Amino acid sequence: LPWWLLLIRQKALIGKLPGDHEVYKITKVAVIPLSETEPQDLELELCKKHHFGINKPEKITQSPDDSKFLLKTLTQIKSNVSAPNKKKIKESKEKERLEKRLLEELFKMFMDSDSFYYSLTYDLTNSVQRQSACEKTDLPLWRKVDDRFFWNKHMIEDLIITDNTEVDFWIMPIIQGFVQIEELVVNYSESSDDEKSSPETPPQESTCVDDIHPTFLVVLISRRSRHRAGMRYKRRGVDKNGNVANYVETEQLIHVHNHTLSFVQTRGSVPVFWSQVGYRYNPRPRLDKSENETVSCFRAHFEEQLKNYKKQ
């Protein structure tokens, strides 16, 4: 299959994170084919402005005798290659169908799922804790990301392996998941609700907890791991590297008084080798490997959890 350049064609602003970092949701993509083959001859007329006085080259015609000989030779060649030719046509059609299906799935995935987000200036793959633990460097955004949540890493592997600073601009980390950003104001009053409703209590103006920064910024970010992702009933359990199916990290941020508080939760499939057959009538889980085969992968999963999140 040919190479394609996948571009974000349309985005929607979700909101701004502390520090004025804008977060976008992808709403449309554009797919541009990149072909290494020579372009076809379109038989275009030469531009009269830039090719003044130059005639279009005429095709060289053979003599009648040469034409007969060539026609006979061509007939023999056609008869010899007709069978393989049909096979090539069939393969070409199958390839076209596959290409069309892949493109349709790509468009459907980005435009219908509402689950792909990015920011040009903020690292959506890393929690506030991980970001604060990292040293401040001038490295491009994609070099600071958490590999688990760098959803489009495989798609742009060819750019990454060039290790050329000139391509950094084209490497945009995307997360699959969910982002919501809301502002709210909490008003506190010293009097209780009963006192407020009493006719003897004169009405008082409600005072904010902080007149300088009365607003709270509440943010929810869910990041889905790119390892062992798949359909719910078809992708279960753990793999040989300790990755569990459909692993998601959800971070709740509250920003107030120039402070950011972060609370992180994770979820994932049970870290043993198991599966389910079918969808209907709550299919029973089936253990696919013995305890001895499972222990090392089970341990690998929790060692990674403890490394990433410390005390849980």
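Which element gives the most to the lining of the largest pocket?

1. The answer is β1, which gives nine residues to that lining; strands here are DSSP runs of E of at least two residues, and helices are runs of H or I of at least four, numbered from the N terminus. This is a predicted model, in which local features need pLDDT of at least 70 and side-chain atom pairs count only at pLDDT 80 or more, while totals for chains, interfaces and linings use all residues. Residues are numbered from 1 along each chain as its sequence is written, and side-chain values use heavy atoms, with hydrogens and water left out.

2. The largest pocket holds about 1200 Å³ of space. Among its 36 lining residues, Leu5, Leu6, Ile156, Leu159 and Trp170 are the closest to its centre, and the elements that give two or more residues to the lining are β1 (3-17), β2 (21-34), α1 (64-112) and α3 (157-160). A pocket is an open set of points on a 1 Å grid where a 1.4 Å probe fits, with protein on both sides within 12 Å along at least five of seven lines, and lining residues have an atom within 4 Å of a point.

3. The largest nonpolar core has 12 residues, including Leu17, Tyr117, Ile181 and Val219, and both β4 (175-185) and β7 (215-224) give two or more residues to this core. A core joins buried Ala, Val, Leu, Ile, Met, Phe, Trp, Tyr and Cys residues through side-chain atoms within 4.5 Å, where buried means under 20% relative accessible area, exposed over 50%, and partly exposed in between, with a 1.4 Å probe and protein chains only. A second, separate core of 11 residues includes Tyr24, Leu106, Phe110 and Phe116.

4. There are six aromatic pairs, a pair being two rings of Phe, Tyr or Trp (its six-membered ring) with centres within 6.5 Å, called stacked if the planes are under 30 degrees apart, edge-to-face if over 60, and tilted otherwise. The rings of phenylalanine 169 and tryptophan 170 are edge-to-face because their planes stand at 90°, with the centres 5.7 Å apart, and both residues are exposed. Phenylalanine 298 and phenylalanine 302 form a tilted pair, with 5.0 Å between centres and 55° between planes.

5. Phenylalanine 298 and phenylalanine 302 are separated by about one helical turn, because they are four residues apart in helix α5 (residues 291-309). Phenylalanine 298 is partly exposed at 37% relative accessible area, and phenylalanine 302 is partly exposed at 39%.

Methods. Points joined across faces, edges and corners; volume = space filled by probe spheres on them.
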